[in-house]
2 protein chains.
Amino acid sequence: MLWERPIRDLSITSIMNGTGLSRPAFYQYFSNVHNLVEQLLADLEVELVTAAMPWFTASGDSRAALRESLRGIIAVCVENGPVFRAISESAPLDARLEIAWAAFMGRWDAAVSDRIALEQKAGMIGPLDGSAISVALNRLDASTLVAEFGRRPQGDPKAVLGTLYHIWIKTLYTEPIAGFEGLDS
Amino acid sequence: MLWERPIRDLSITSIMNGTGLSRPAFYQYFSNVHNLVEQLLADLEVELVTAAMPWFTASGDSRAALRESLRGIIAVCVENGPVFRAISESAPLDARLEIAWAAFMGRWDAAVSDRIALEQKAGMIGPLDGSAISVALNRLDASTLVAEFGRRPQGDPKAVLGTLYHIWIKTLYTEPIAGFEGLDS
DNA sequence: GATTATACTGACACTTTGTCAGTACTGCTG
DNA sequence: CAGCAGTACTGACAAAGTGTCAGTATAATC
């Protein structure tokens, strides 16, 4: 249904109209619409984490692995974009869902941050605030994926991959540039 | 009010309770809550555009100007974070507001894209898809600003500046890295 | 001081939500 | 097969919020 209509039009009434069951039957399975969305998030996270494995477990060429991970994540979103969009757009509307979303993103932040720390130790990534950069890059990914694949017409997966890869690679794997380090105020 | 409660708790009823006026009086000025938010967006855009001027009009050191623009935008969000957050979170809930938000972001995308094209012509920025990169960087900024300054406790403006500046600079102003150009599939 | 526009209100109809008592159907057990 | 759970489901209700409208104050203008 999410392919057809935005989440804002999905009342319990309209959802149950499509099922042949009565509206109260909905409450047999979910406590409200946000709770339903919360379950969708749990399912989607499994798929995304699986798709993202390459970079997190890479031992050789971690740039190629990063590209592979991004490609996988994008593929999942090409398939489930509207679900991802519905989740991210619903999150601010419900306290519980907001917490679940924050936890979901927090796990990505931690995983990316750990990976960066690991590669920094190995000398593959230079000195940078891996924790803060992780949060930013993950938010970049989330908002890009939602915007590009959350509705039809979807964006071009290859183009999105190119863009995200560019930003990730440059951010993580390039030398510090002159005049950057130590700037403040 | 947005400092205290998230947008989801802001019904017309609760808004008007704070004013001493009756609920229908609200409709004297706005057609609904989303319309109110739409007006907030218009006001905020003016402030943000002003704050962002340095980079868009820079003639000398455009990296320093970029830093200045980011600092300005962050300063505006430190002051108006919850408003910005309310707007971005409400956008998916209303067709009109969604369009207004898309137009708002679209103007940033166009401005950044133009600036990149300009600096590419001047040889300051290398070959990259300025249009796609602009969209991504702007979404990065928006989601970061909302997350960091949209509620209390707010993030540290300096840290956020450092992170965003790092990503923007590396993305736009570093040399192409080996193995990046021409990768596809 | 009369007139006209503006600001505002009480009350109504409508929509959606969550709940609950109660019905129908299922499978199990003696 | 009768009786008894346990599950799946429903109709009806109360509560909360929305948008509208006829109508009343209040202020501004001539």
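Helix 2 of chain B gives the most to the surface near DNA strand D, with 3 residues. Here, a helix is a DSSP run of H or I with at least four residues, numbered from the N terminus, and "near" requires a heavy atom of the residue within 4 Å of the strand. The model is predicted, so local features need pLDDT of at least 70 and side-chain atom pairs pLDDT 80 or more, while totals for chains, interfaces and linings use all residues. Side-chain values use heavy atoms, without hydrogens and water; residues are numbered from 1 along each chain, and chains are lettered from A in the order in which they are written.

Around DNA strand D there are 13 residues, of which Ser22(A), Gln28(A), Tyr29(A), Arg23(B) and Tyr27(B) come nearest.

The table lists polar contacts, that is, pairs of N or O atoms within 3.5 Å.

| Residue and its atom | Atom of DNA strand D | Distance |
|---|---|---|
| Ser22(A), polar backbone atom | phosphate oxygen | 2.5 Å |
| Ile12(B), backbone N or O atom | phosphate oxygen | 3.3 Å |
| Arg23(B), polar side-chain atom | base oxygen | 2.6 Å |

Two or more residues each come from helix 2 (26-29) of chain A and from helix 1 (12-17) and helix 2 (23-29) of chain B.

Helix 6 of chain A is a separate topic. In this helix, 16 of the 20 residues are buried, so the rest of the structure largely encloses it; buried means under 20% relative accessible area, with a 1.4 Å probe and protein chains only.

Methods: Polar contact = N/O pair within 3.5 Å; in protein donor to acceptor, adjacent residues only side chain to side chain. Buried < 20%, exposed > 50% of the residue type's maximum accessible area, 1.4 Å probe, protein only.
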